[in-house]
Amino acid sequence: MDRHTLQTRLCQYRSHYIEEQAYARRGCRLLQDDPDCFFREGTGLHVTASTWILNPTRSATLLMLHRKLEQWFQPGGHADGNENVVAVALKECSEETGITEADIHLLDPAIFDIDIHRTPQRGREPAHQHLDIRFLVEIDDRLPLAGNSESHALRWIPLHEVHAYNKGLSIHRMLIKSQEWLRQQRIQGLT
């Protein structure tokens, strides 16, 4: 997915979540107005990508206890100039879980979720905002999780327990969306 495709998808994105629809509109404008939005060096809003991970039975998601923020989140990170947000999401997922990209399966090429969140100042890095483009993937929960230095822990969380780890609105939205996606797959006879 190149910059133009992402911009088109953001401009055409529709969500029944009011805040997410606003994030898509803001992302559409960002890609139109800021040629450097895929780089983290700016002090404003820039693009990141992440993955909402399901296991093969669709009963759990993989979350990481983020070392800097001390909260449970889905794997993801900065684009660092790469305008292919699918590639960024898969690379970050691989780096943060220790799972090879070949073992990370994109369940749907469409954007799964969009979020804008604030990241606090840390050291010399000023506070800034992320436009996080999220994709739905599957990883076999029997594979070992090596992780990396960006997290304290990685854990498969049963979907019905996710709120015990993170009560954030965007996590709740992805949880609900994954359950809706699963229902749709069952209706279509795909799972």
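Which kind of link do the side chains of E19 and R173 form, and what is the N to O distance?

Modeller: The model is a predicted one. In it, the side chains of E19 and R173 are joined by a salt bridge, with 2.9 Å from N to O. E19 belongs to helix α2, which covers residues 18–33, while R173 belongs to helix α5, residues 169–187, so this pair ties together parts that lie 154 residues apart in sequence. The two partners may also be described by their accessibility. E19 is partly exposed, its relative accessible area being 22%. R173 has 1% relative accessibility and counts as buried, the limit for that term being under 20%.

A second pair, R134 and D113, also forms a salt bridge, and its closest N and O atoms are 2.9 Å apart. Here the partners sit in strands: R134 in β7 (residues 128–138) and D113 in β6 (residues 113–119), so parts 21 residues apart in sequence are tied together. R134 is buried, with a relative accessible area of 3%, and D113 is likewise buried, at 0%. Through shared partners, salt bridges join E19, E20, D113, D115, D132, R134, R173 and K177 into one network.

D80 is in the loop between β4 (76–78) and α3 (85–97), and R40 is in the loop between α2 and β1 (45–54), so the bridge ties together parts that are 40 residues apart in sequence. D80 is partly exposed, with a relative accessible area of 42%; R40 is partly exposed as well, at 34%. In total, 14 salt bridges are counted.

The setting of these pairs is as follows. The protein contains five helices and eight strands, which follow one another along the sequence as α-α-β-β-β-β-α-β-β-β-β-α-α. Of the contacts between residues at least 6 apart in sequence, 70% join residues at least 24 apart. Of the 191 residues, 47% are buried. The radius of gyration is 16 Å, which agrees with the value near 16 Å for a compact globule with 191 residues. As for the charges overall, there are 22 positive and 26 negative ones, and their mean positions are 5 Å apart.

Definitions and conventions
Residues are numbered from 1 along each chain as its sequence is written. This is a predicted model: local features need pLDDT of at least 70, side-chain atom pairs count only at pLDDT 80 or more; totals for chains, interfaces and linings use all residues. Side-chain values use heavy atoms; hydrogens and water are left out. A salt bridge is a side-chain nitrogen of Lys or Arg within 4 Å of a carboxyl oxygen of Asp or Glu. Helices (H or I, at least four residues) and strands (E, at least two) are DSSP runs, numbered from the N terminus. Buried means under 20% relative accessible area, exposed over 50%, partly exposed in between (1.4 Å probe, protein chains only). The radius of gyration is taken over C-alpha atoms; the globule rule is 2.2 Å times the number of residues to the power 0.38. Contact means heavy atoms within 4.5 Å. Lys and Arg count as positive and Asp and Glu as negative; His and the chain ends are not counted. The place of a charge is taken as NZ of Lys, CZ of Arg, CG of Asp or CD of Glu.
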